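Morning, everyone. I have one structure to walk through today. Please have the viewer open.

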Amino acid sequence: MTDKNYGDGTRAVRAGLPDPVKYEPTLPGPVFAAHFHLPGEPTGGYAYGRDENPTWTHLERAIGELEAPGEQGVETLVFASGMAAISAVLLSQLKTGDVVVVPTDGYQALPLLHEQLRAYGIEVRTAPTGGDGQLAVLEGARLLWIETPSNPGLDVCDIRRLVREAHAAGALVAVDNTLATPLGQRPLELGADFSVASDTKGMTGHGDILLGHVSCRDPERAAEVRRWRKVVGAIPGPMEAWLAHRSLATLQLRIDRQCSTALTLAQTLAGRADVTGLRYPGLPDDPSHTVAARQMRRFGSVVSFELADRKRADRFLEELRIVDDATSFGGVRSTAERRGRWGGDAVAEGFIRFSVGAEDPEDLIADVLRALDEAGS
């Protein structure tokens, strides 16, 4: 699909499909193969299952079309998980003596990578997402890692500004786009060198696949990430890749429903005296709204807020009837959790991360309000 003017729904439904062949399926089934017929010299095509797989190829093309519609030069690589994708960028681009800047309020597993990077002699600097705080520690960096909106606090930074300053300082820029998805924002269009995501979340949207991806325009950078994937073998199974591609067809339908309901939920919670610290970038009075409105096309499915204490938060979660207490986000079934139970996030004990699903908005809002009332009784 090379027409940049197609809508998001059309693109999601058609992305990555091969040219039609009479009597063949429109989306070919998963290819389960460790090796392929390979007579003569191995020039092009598929040779070994750790390097390439036709099922990955269809999915990678599909994600690439969503990340950068109408562009021919974008390469996408899929991975076994979001952390595999994140690690591939960081560990393929950094070497001993380099400096990397990462957010203090990013994904909870990032500190595990900090330890590994420091063990390799790489300097790790941290600063908050909000207010473009990472600019203050950018000098001399090789790579700037952005996560916007941040998880779970939902702060937003100005991608264009950070990219401009980072490139002027000689640094590459990678954006963790997990929460927004390419339908929410397109980091490559905003100038980033890498767009990275855990597709376990909103991209596949059903809570039954672990997957990640990296997209970039520079063929040299892409080759380095590809080599890292080959070396460590962080590859997805063909069934997971096929299921992910199938799931992309409903991406626009899911995201639009979830974002619309998330805004309604946030507006409803704004009127509750027992809810504090409410964050959702789509709210006009949210601290991140002005920046988010400039660079985001949709504001995401995650709402965060605080209840009085741990006891009130736990009671609220127990009272919910159509919301699962689970630790992921972006799925068709609404989930919520008290983030403080894990440690590692700088949040209050009563902090709730709420991921809005595709239920009827009226049912979901009623369930949340009832649970809040019960938790306070």
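Ground rules. This is a predicted model: local features need pLDDT of at least 70, side-chain atom pairs count only at pLDDT 80 or more, and totals for chains, interfaces and linings use all residues. Residues are numbered from 1 along each chain as its sequence is written, and side-chain values use heavy atoms, with hydrogens and water left out.

Start with the sheet. Helices (H or I, at least four residues) and strands (E, at least two) are DSSP runs, numbered from the N terminus. Two strands pair if DSSP finds at least two bridges between them. The sheet is open, has 5 strands and mixed pairing, and its order is β8-β9-β12-β11-β10. Which strands stand at the edges? They are β8 (276-279) and β10 (324-325); each has a single partner strand, so one side of each lacks a neighbour in the sheet.

At one end, β10 pairs with β11 (residues 335-338) in the parallel sense, over 2 bridges. There, D324 sits opposite T335 of β11. Helix α10 (residues 310-319) packs on the sheet and touches β9 (302-306), β10, β11 and β12 (351-355). Contact here means heavy atoms within 4.5 Å. The direction of α10 makes about 160° with that of β11; axes are lines fitted to C-alpha atoms, for helices over the stretch in contact, and angles run from 0 to 180 degrees between N-to-C directions.

Now β9. β8 and β9 run antiparallel, joined by 2 bridges. β9 also pairs with β12, again antiparallel, over 5 bridges. E306 is the bridge partner of T276, and F351 in β12 is a bridge partner of E306. Of the 5 residues in β9, 4 are buried. Buried means under 20% relative accessible area, exposed over 50%, partly exposed in between (1.4 Å probe, protein chains only).

Next, the cores. A nonpolar core is a set of buried Ala, Val, Leu, Ile, Met, Phe, Trp, Tyr and Cys residues joined through side-chain atoms within 4.5 Å. The largest has 47 residues; L269, V303, F305, F316, I352 and F354 touch the most other members. α8 gives the most to this core, with 7 residues. I352 has contacts including V303, F305, F316 and A336. A second, separate core has 28 residues, among them L143, W145, F194 and A234.

On to the covered helix, α7 (residues 238-248). 8 of its 11 residues are buried, so α7 is largely enclosed by the rest of the structure. Those buried include W242 and H245. The cover includes α1 (8-14), α2 (54-67) and α8 (251-269).

Last, charges. A salt bridge is a side-chain nitrogen of Lys or Arg within 4 Å of a carboxyl oxygen of Asp or Glu. How many does a search of the whole structure find? It finds 33. In one of them, E52 meets R226, with the closest N and O atoms 2.7 Å apart. E52 is in the loop between α1 and α2, R226 in helix α6 (residues 219-232), 174 residues apart. R226 counts as partly exposed, at 25% relative accessibility.

Another joins R257 and D360, at 3.1 Å from N to O. R257 is in α8 and D360 in the loop between β12 and α11, so the pair ties together parts 103 residues apart in sequence. Finally, D8, R186, E189, D256, R297 and R298 are linked in a network of salt bridges.

Key:
Lists of a residue's contacts leave out its neighbours within four places in sequence.
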